[in-house]
Every structure is written in C-alpha cells, then in structure tokens.
Amino acid sequence: MNIGIVCYPTFGGSGVVATELGMALAKKGHIVHFITYKQPVRLEQLSSNIHFHEVNVPEYPLFHYQPYELALSSKLVDMVKLHKIDLLHVHYAIPHAYAGYMAKQMLAQEGIELPMVTTLHGTDITLVGNHPYYKPAVTFSINNSDYVTTVSESLKLDTLRLFDVTSPIQVIPNFIDSQKYLNPISECQRSLMAQDDERIITHVSNFRKVKRIDDVVKIFYHIQKEIKAKLIMVGEGPEVQPAKELAYSLGIRDKILFMGASNEVEKILCLSDLFLLPSKNESFGLAALEAMINKVPVISSNTGGIPEVNKNGFSGYLSDVGDVEDMAQKAIHILKEENLLTFKNNAYQQALAFDLEKIIPQYESVYHKAINRK
Ligand code: GMT
C-alpha cells in the first residue's frame with residue numbers, strides 16, 4: 001500500500017507511535033509518506049520506501065495565526081495526487097483529522113477517493129479536544145473519518161463519553177519493537193550515572209502539568225530516605241523549573257539529574273531500576289511500555305489506560321493519583337534486593353504483549369477495510 005501518515009514530528013507519544021508505525025510498515029514493503037512540518041524525531045533514516053514531505057506555512061503579516069491546517073490540507077492534496085497515495089492515516093485529531101477531511105473533500109471534487117483512518121492518542125480527546133472551542137470540529141472530524149482507532153480501551157470509553165461519536169471505534173494498542181532490545185546496549189554504562197550501590201530511578205515525559213512532575217520528585221524524596229538512589233529526569237517542558245525548585249527545597253537537588261530532551265532514551269532506561277509515571281491522566285503510557293521492554297518495573301497512577309499496560313503486583317504497582325506515600329512504599333518494595341530481579345523480568349514479559357508483530361497487522365487490516373469501503 002501507499003500510505004500517507006500525518007503526525008506531530010516531536011518527542012510526544014503520538015508522533016513517536018506514528019513514526020514507529022511508518023517505519024514498521026515500510027519494513028513490510030509498504031510505501032510510507034510522512035507529511036508534516038518537520039522530519040519526525042524518531043525517523044532514523046529515509047529509505048527507498050520512506051519519504052518525508054515538509055509542510056511549509058508562509059509567514060504573512062496579515063495573519064495573526066499562520067493557517068497550518070490550510071497548508072497541510074493543500075499539501076495532502078498535492079502529495080496524494082503526485083504519489084498516488086491510497087490511504088491517509090492521521091495521528092491526533094487536532095488539527096490533523098480536520099485537515100485530512102478537507103483534503104478528502106478537495107480530492108473528491110476531482111473524482112479521487114481518499115480513505116482516512118484517524119488514531120486518537122489521548123490529549124486530543126481528554127484535554128485539548130474536549131475544549132468547547134474545538135469540540136464541534138473534533139466531533140465532526142472523528143465522525144467523518146472512514147475508521148477511528150484509539151490506543152486503549154480507556155480512551156475509547158473517554159471518547160464515547162465526551163463526544164457524540166457515531167463512527168465505530170476500534171482499539172489498537174500502542175506497541176514496541178522487541179527485536180530492538182534483544183541485545184544489550186553497549187553504551188549502557190551504569191557507572192557513569194550512579195555508584196554501584198545506588199538504585200537508579202527514571203522519569204521520561206514532556207514535563208506538562210498532566211504528568212504531575214512534583215509527585216515524581218516527592219516519591220523520590222521518600223525513596224531516597226530509605227534506599228540510596230538517584231533520579232534521572234528526561235525531557236523538556238514547563239514543569240522542569242518548578243521540579244528543580246522543589247528538589248532544592250527538599251534538599252535533594254544533588255541526587256537528581258535533569259537530562260533534557262533525548263533521542264536515546266533507551267541508553268538511560270537500560271541502566272534504570274525503576275520508572276515513575278504518576279500522571280493525572282494517561283491514555284496509554286507509552287513511556288511506561290518503553291521502560292518495561294528495557295526491564296524496568298513501573299510505579300504509576302491507576303488512571304486512564306495505564307492499567308492496561310502496567311499490571312499491578314507484576315510489572316510494577318499502581319496507586320491512586322496523588323498518593324505519593326503509597327507509590328513510594330511500593331517503589332521501596334520493588335527496589336529491595338530480593339524483589340528487583342523478579343519485577344524486572346515481569347516488566348519485560350508484560351511489554352512483550354505489545355510487540356509490534358502483534359499490532360502492525362491490526363493496522364494493516366483496518367487500512368484494507370477502509371480502502372475496500374470506497
Ligand atoms: O502526554 C504525552 O506524553 C504526549 C501525548 C501525545 O499526544 O503525544 O501522549 C499521548 O499519546 C501517547 C501515544 O499514544 C500515549 O502513550 C500517552 O499516554 C498520551 N498522553 C496522555 O494521554 C496524557
């Protein structure tokens with residue numbers, strides 16, 4: 001198939017999933033066209049069947065807001081015609097599903113049918129898309145997609161609860177390429193990060209309020225009182241500075257490393273003993289899955305789709321949102337010498353349930369159905 005993928009090209013989970021999906025589809029022989037404003041960060045290399053088409057939005061002083069959706073929909077029309085794209089897969093409803101719908105309509109005028117699959121990722125439904133300013137357009141775009149998928153059962157329920165959706169929704173969970181993690185990473189040098197007798201705890205996110213970064217610092221504060229440990233914080237966002245300030249005020253700033261955004265998260269995860277994800281909301285928790293495939297157990301909140309990924313008492317533990325003490329006690333339990341290895345192995349086993357081999361055919365099947373609906 002000749003597939004057009006529209007996504008955010010940044011470190012965010014939806015962009016990562018879209019990019020990994022495109023690369024996996026290309027490996028299976030499909031031709032994949034990424035259409036977005038920048039080359040996606042995880043797109044390692046362009047090959048003969050992976051293409052990137054940049055969407056440019058010319059600056060014009062009259063515009064207070066530059067019209068990205070307009071530029072994207074025009075680019076989609078051009079690329080579909082030029083490359084004979086069979087199907088469009090848009091990730092994240094805002095504004096991609098909306099721009100995709102406009103492209104579909106423009107192409108229909110020329111007798112070209114373009115099936116569109118929309119994958120909802122979370123904040124496009126639970127946080128941003130739900131805002132009254134966006135809701136009518138998001139509802140319209142969902143209902144006018146040929147197929148709609150969500151990354152968890154929980155997100156499907158949220159979508160049905162928050163929007164007046166008339167299209168059927170299929171759950172296709174996020175995935176991980178387990179083959180990439182079969183061999184130990186040579187750069188996995190624990191000694192660079194911590195002393196031999198120190199446990200390494202990690203958090204990776206975009207440091208938004210929804211991630212409850214202050215809880216990450218507080219959980220670590222309790223842990224380090226009982227166990228010698230270091231916290232590695234990976235990512236960038238508005239909550240980095242408040243987290244640093246909280247760490248200073250708790251007297252633990254010297255035990256926390258802020259690494260900034262990284263394209264090599266697995267080099268940090270491979271030497272980690274525990275991953276913290278105390279989010280207020282999380283449709284799936286791809287960061288937790290990436291930790292687990294690296295044999296890192298997870299302490300998380302029990303919100304949204306996280307319970308579909310992290311299994312309580314097996315790959316880690318789940319607590320109520322904000323219950324910092326409970327999360328810390330459970331973390332300490334996992335980090336004990338006699339428990340750690342079991343949890344590490346369990347985390348890895350649990351991650352294998354989301355192996356790409358099981359998930360990619362589900363997307364291919366949706367594509368076939370969407371194309372055959374024409
Ligand atoms: O919150 C993030 O980490 C970014 C956000 C995004 O849209 O890129 O992530 C959402 O999509 C990811 C991939 O499907 C999910 O794993 C995250 O759980 C989801 N984030 C939220 O629901 C808050």
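**Note on the sheet and the nonpolar core**

1. In this predicted model, seven strands form an open sheet in the order 3-2-1-4-5-6-7, and their pairing is parallel. The edge positions are taken by strand 3 (50–54) and strand 7 (169–171), each of which pairs on one side only. From one strand to the next, the twist averages 25°.

2. Within this sheet, strand 4 (residues 87–91) and strand 5 (residues 116–120) run parallel and are joined by four bridges. As background, the strands of a sheet pair through backbone hydrogen bonds, in either a parallel or an antiparallel manner.

3. Helix 2 (residues 68–83) lies across strand 1 (2–6), strand 2 (31–36), strand 3 and strand 4, and the helix runs at about 160° to strand 2.

4. The largest nonpolar core holds 103 residues, and those that touch the most other members are I219, L274, A288, L289, M292 and A331. Helix 10 (residues 286–293) gives the most to this core, contributing seven residues. Because domain 1 (2–175 + 356–372) and domain 2 (179–352) both give residues to the core, it lies between them. In soluble globular proteins generally, nonpolar side chains tend to be buried together.

5. Which residues is A288 in contact with, leaving aside its neighbours within four places in sequence? The contacts of A288 on that basis are F275, L277, V298, S300, I306, V309 and N310, and A288 is also one of the core residues that touch the most other members.

Key. Residues are numbered from 1 along each chain as its sequence is written. This is a predicted model: local features need pLDDT of at least 70, side-chain atom pairs count only at pLDDT 80 or more; totals for chains, interfaces and linings use all residues. Two strands pair if DSSP finds at least two bridges between them. Helices (H or I, at least four residues) and strands (E, at least two) are DSSP runs, numbered from the N terminus. Axes are lines fitted to C-alpha atoms, for helices over the stretch in contact, and angles run from 0 to 180 degrees between N-to-C directions. Two residues are in contact if their C-beta atoms, placed from the backbone, lie within 7 Å. A nonpolar core is a set of buried Ala, Val, Leu, Ile, Met, Phe, Trp, Tyr and Cys residues joined through C-beta atoms within 7 Å. A residue is buried if 20 or more other C-beta atoms lie within 10 Å of its own, exposed if 12 or fewer, and partly exposed in between; C-beta atoms are placed from the backbone. Domain bounds come from an automatic or database domain assignment.
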